[in-house]
Amino acid sequence: MKKIEHIGIAVKDIDASNNLFASLFGKEHYKIEDVESEGVKTSFFECGPNKIELLQATNENSPIAKFIEKKGEGIHHIAFAVEDIESEITRLTDEGFKMIHEKPKKGADNKLIAFLHPKSTNGVLIELCQDIRE
């Protein structure tokens with residue numbers, strides 16, 4: 001894993017949260033994107049060398065909707081940048097970690113993504129991210 005790619009924060013209202021984080025960081029988000037396969041609308045902020053991803057559910061069956069219903073708004077996941085997501089999935093599986101996604105899928109911000117199950121990471125949802133190479 002190369003670095004923390006972003007921290008994901010589950011929010012109920014992405015417009016209100018965009019205003020809040022724009023005030024906090026002193027600048028606007030740089031991208032809003034719908035990820036239909038995950039049932040979310042995302043908004044990204046740069047904060048120094050780091051990124052913050054706000055996630056709002058777009059339907060009641062979305063993992064974000066279920067997360068907010070159970071735990072409320074707040075930190076949802078930590079994403080790590082990887083060079084080769086498929087080999088990283090294999091390495092982590094071989095180390096005994098449980099994957100939610102055993103194959104990478106397209107995510108927001110031009111990334112391939114896969115999540116580790118929080119039951120195998122002390123309750124922390126971990127996302128692997130690889131830039132999609134054109």
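Is F21 buried or exposed, and what is its relative accessible area? F21 is buried, at 12%, where buried means under 20% relative accessible area, exposed over 50%, and partly exposed in between (1.4 Å probe, protein chains only).

Before the close-ups, a word on what you're looking at: this is a predicted model, in which local features need pLDDT of at least 70, side-chain atom pairs count only at pLDDT 80 or more, and totals for chains, interfaces and linings use all residues. Residues are numbered from 1 along each chain as its sequence is written, and side-chain values use heavy atoms, with hydrogens and water left out.

View 1. Helices (H or I, at least four residues) and strands (E, at least two) are DSSP runs, numbered from the N terminus. An α-helix has 3.6 residues a turn, so residues three or four places apart point the same way. The rings of F21 and F25 make a tilted pair, 5.7 Å centre to centre with 45 degrees between the planes. Rings of Phe, Tyr and Trp (its six-membered ring) pair if their centres lie within 6.5 Å; planes under 30 degrees apart are stacked, over 60 edge-to-face, and the rest tilted. F25 is partly exposed, at 22% relative accessibility.

**View 2. Helix α2 and its buried face.** Look along residues 63-71 and you'll find I64, A65, F67 and I68 buried. Seen down the axis of α2, those buried residues fall within an arc of 160 degrees, so they line one face of the helix; the arc is that of the directions from the helix axis to the C-beta atoms. Over on the other side, E69 and K70 are exposed. The cover on the buried residues includes β1 (3-11), β3 (40-47), β4 (50-57) and β5 (74-81), with contact meaning heavy atoms within 4.5 Å.

View 3. After α2 comes G72, whose phi is positive, near 85 degrees.

View 4. Side chains of opposite charge can pair when their charged atoms come close. A salt bridge here is a side-chain nitrogen of Lys or Arg within 4 Å of a carboxyl oxygen of Asp or Glu, and the structure holds ten of them. In the one between E5 and K51, the closest N and O atoms are 2.6 Å apart. This pair links distant parts of the chain, with E5 in strand β1 and K51 in strand β4, 46 residues apart. Both E5 and K51 are buried.

**View 5. E38 reaches K105.** Here the closest N and O atoms of the salt bridge are 2.4 Å apart. E38 sits in the loop between β2 (31-35) and β3, while K105 belongs to strand β6 (residues 105-106), 67 residues apart. E38 is buried, at 17% relative accessible area, and K105 is partly exposed, at 24%.

**View 6. R91 and E88 within helix α3.** Their side chains meet in a salt bridge (2.6 Å, N to O). Both lie in α3 (residues 85-94), three residues apart, about one turn of the helix. R91 is partly exposed, at 38% relative accessibility, whereas E88 is buried, at 11%.
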